[in-house]
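Take a look at the structure below. Let us walk through it one part at a time.

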Amino acid sequence: MSSREVSWAIRELPREEYLLPGHAACAGCGASLSLRLTLKALGKRTIVVVPACCTSIIQGPWPKTAVAVPLMNIMFEAAAVCAAGIAAGLKARGIEDITVIAWAGDGGTYDIGLQALSGAAERGDDILYICYNNEAYMNTGIQRSGATPYAAKTTTTPVLGKREHKKNMPMIMVAHGISYVATATPAYPLDLMRKVRKARDMEGTRYIEILSPCPPGWRFPADKTVEVGRLAVQTCAFPLWEALWEDGQQVIRLTGPSKLIAQVPELKLPVEPYLAMQGRFAGISPEDVRTFQAWIDAAWERLLKIAEF
Amino acid sequence: MAVSAGARAREGWLSLMVTGNHAAAWAVKVARVQVVAAYPITPQTTIVEKIAEFVEKGELKAEYIRVESEHSAMTACIGASAAGARTFTATAAHGLALMHECLWWAAGARLPIVMAVVNRAMGPGWNIWTDYCDTMAQRDLGWVQIYCADNQEVFDSIIQAYRLAEDPRVMLPVMVDLEAFILSHTYMPVHVPPQDEIDDWLPPLKPAWTLDPEEPITHGNLVFPAHYMEFRYLMQEAMENVKELLPKIGEDYKRRFGLTGLDFVETYRCEDADALLLTMGTMGVEARITVDRLRERGHRVGLARVRVFRPFPVEQIRGLAKGVEKVVVIDRHISYGAEGALAMETKWALYPLEEKPMMTSFIAGIGGRDVTYKDMETMALKALEWMEKGQPREGVWYGVRGLELA
């Protein structure tokens with residue numbers, strides 16, 4: 001464990017808010033909750049880069065803004081390198097106490113932004129890249145992305161549902177050998193904030209993937225965001241873990257409920273209740289449920305082989 | 001044009017024999033650029049290679065980001081510039097085309113980025129030689145475009161480009177263009193003033209806006225139709241300011257260093273001319289020989305080399321064409337379905353004249369085909385002959401196999 005690691009109790013959380021009331025997110029938006037918690041954990045000395053994504057809207061239109069730290073909007077595929085450029089510019093000017101983060105959706109990370117992200121990671125650019133993953137192009141109206149799960153109906157997979165599984169983006173980042181990779185969800189806010197703070201205090205490229213449930217896109221009631229997020233973790237559809245370097249070795253460690261499930265396998269829930277809560281899986285065939293479950297199980301078994309818990 | 005080497009043999013000056021690309025790298029060094037983003041593409045690569053050498057040897061204190069594409073090169077410059085640093089990158093042809101989206105962003109964000117572009121033809125088929133089709137395709141984005149004619153001018157233009165771009169009345173990015181191989185890989189003398197004098201003339205960047213947690217702003221969020229147009233109007237206004245500031249900066253630089261000051265149009269023997277030859281870049285220097293030879297044959301021809309394409313020097317060209325009977329334009333560019341950009345925009349400049357000259361335009365030198373003073377003489381003579389008969393022509397392709405100039 002890093003000596004810098006913090007473990008907050010809820011009453012000890014920072015009081016400052018950097019995502020202000022009046023932002024333009026949908027009701028129950030997991031992404032805006034993720035952003036609020038992330039900025040709380042990061043604090044004032046933060047610069048945020050936002051490519052085209054839901055947060056282009058959430059931040060609010062000119063001449064107003066709902067974000068109380070400097071925010072630079074940038075092209076869809078360019079978040080990582082824009083952040084890297086800002087970090088380089090600050091360093092060239094001798095400013096070293098600012099955390100530069102890229103705050104991108106899954107389309108801007110898994111798909112169109114992957115090249116710039118991979119480049120930044122390979123160079124070890126001093127940025128914290130956060131993918132708030134809502135598993136489709138939500139801002140443009142719920143089109144399928146590389147992060148959309150199997151069988152999910154989107155506006156570009158409207159009848160059959162997606163026929164492919166999502167790619168394992170966090171592990172792609174682990175393969176880059178960067179300083180820190182973690183998965184998180186606002187359904188477990190203290191785990192999320194601890195990881196963001198930990199990443200903030202590291203150097204080099206850090207990547208956090210935050211599964212951010214989306215009521216209109218996943219088609220569940222706006223008051224179920226946290227519940228859906230918890231089920232994603234409890235079914236192991238989205239395990240929580242972090243990968244970091246210790247004594248020259250890259251270590252993957254399960255965290256929170258995922259660690260507990262690894263230790264007590266009976267706690268792992270079947271995927272059905274997770275799928276049943278979401279309209280995007282409505283009418284899913286028993287065969288597709290089995291395929292989904294088999295994919296989750298295989299990924300989880302693979303993770304258990306390489307992760308500490 | 002560069003002054004003679006002897007005139008520059010002053011204390012603290014460097015007299016180099018370098019390629020156009022290395023002249024660009026030297027300008028970046030003495031301009032104390034703080035962040036360089038680099039991606040290789042022929043024939044630009046030796047610019048960023050030389051800068052890498054300066055940085056790794058500690059001769060230039062800069063962050064050097066070896067990006068994975070030109071799209072990322074320009075985006076890194078956008079980020080670094082927004083963080084308040086002086087930035088540079090270089091590219092050519094396909095690299096520039098890949099940057100297209102970022103070029104909009106850099107200009108719209110009002111960031112004083114300076115970029116060298118080595119003009120190279122676009123594929124397919126692959127062609128690494130020069131024409132202006134790459135940069136002319138990017139002329140509508142809000143970038144100032146300067147076209148060079150020798151290596152000293154490359155050096156001088158980059159230094160002055162920072163002064164221009166960073167002026168609070170401008171805050172637009174600047175593209176300094178040099179022709180593939182004709183300049184990029186050709187050795188010429190270049191005179192470099194002492195660092196302290198450059199520092200005095202080009203002080204550190206004072207950004208008009210920056211990303212500062214003490215004064216947080218949100219930059220580039222959604223702008224509704226009720227306001228978007230005003231932002232765009234301000235860019236046009238900045239271009240109007242360039243029209244006023246660029247020659248002043250050029251005069252100041254020339255006065256200070258005796259080197260090539262920026263200006264919109266360079267003229268040669270225009271005073272008593274009744275015909276005008278317009279072209280750009282290195283052709284605009286070689287054409288002096290053409291003009292001399294035409295004058296020996298009794299044609300009163302003057303030469304105008306258009307050095308800045310954005311903002312377009314519409315007043316200067318209009319002034320030069322006033323009272324002239326015939327205009328000949330030679331473009332190293334073609335807009336398919338139209339003609340060359342210089343010809344088209346020259347017509348815009350001429351339109352308000354009550355007594356409009358006739359105009360004949362040529363497309364020449366596409367994909368690096370050589371255009372000599374003799375070629376330009378052939379074109380000019382044909383054009384004068386056609387216009388003498390009252391038959392001007394538009395967008396005539398010169399030198400295409402099987403196409404004769406009838």
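This is a predicted model: local features need pLDDT of at least 70, side-chain atom pairs count only at pLDDT 80 or more; totals for chains, interfaces and linings use all residues.

Start with chain B. It is divided into domain 1, residues 9-257, and domain 2, residues 267-397. The C-alpha centres of these two domains of chain B lie 28 Å apart. Their contact takes 25 residues from domain 1 of chain B and 19 residues from domain 2 of chain B. On the domain 1 side, α6 (133-136), β6 (144-147) and α9 (225-257) of chain B each supply at least two residues. Sorted by class, that side has 17 nonpolar, 3 polar and 5 charged residues.

Now find the sheet in chain B. It is open, has 6 strands, and mixes its pairing. The order is β10-β12-β11-β14-β15-β16. Strands β10 (265-268) and β16 (396-397) of chain B are the edges, and each pairs on one side only. Look at β14 (residues 326-331) and β15 (residues 358-363) of chain B. They pair in the parallel sense over 6 bridges.

Helix α13 (residues 373-388) of chain B lies across β11, β12, β14 and β15 of chain B. It runs at about 140° to β14(B).

Next, see where chain A meets chain B. Each side of the contact is made of 39 residues: 39 from chain A and 39 from chain B. In chain A, α3 gives the largest share of its side, 11 residues. The chain A side has 23 nonpolar, 10 polar and 6 charged residues. Strands cross the boundary too. β2(A) pairs with β9 (residues 218-219) of chain B in the parallel sense, over 2 bridges. There, Met72(A) has His219(B) as its bridge partner.

In soluble globular proteins, nonpolar side chains tend to be buried together. The largest nonpolar core here has 242 residues. Val49(A), Ala83(A), Ile86(A) and Ile158(B) have the most contacts inside it. Helix α3 (residues 79-92) of chain A gives the most to this core, with 11 residues. Both domain 1 and domain 2 of chain B give residues to this core, so it lies between them. Finish at Val49(A): beyond its neighbours within four places in sequence, its contacts include Met72(A), Ala83(A), Ile86(A) and Trp103(A).

How values were computed: Residues are numbered from 1 along each chain as its sequence is written. Chains are lettered from A and ligands numbered from 1 in the order in which they are written. Two strands pair if DSSP finds at least two bridges between them. Helices (H or I, at least four residues) and strands (E, at least two) are DSSP runs, numbered from the N terminus. Two residues are in contact if their C-beta atoms, placed from the backbone, lie within 7 Å. Axes are lines fitted to C-alpha atoms, for helices over the stretch in contact, and angles run from 0 to 180 degrees between N-to-C directions. Domain bounds come from an automatic or database domain assignment. Ala, Val, Leu, Ile, Met, Phe, Trp, Tyr, Cys and Pro count as nonpolar, Asp, Glu, Lys and Arg as charged, and the others, Gly among them, as polar. A nonpolar core is a set of buried Ala, Val, Leu, Ile, Met, Phe, Trp, Tyr and Cys residues joined through C-beta atoms within 7 Å. A residue is buried if 20 or more other C-beta atoms lie within 10 Å of its own, exposed if 12 or fewer, and partly exposed in between; C-beta atoms are placed from the backbone.
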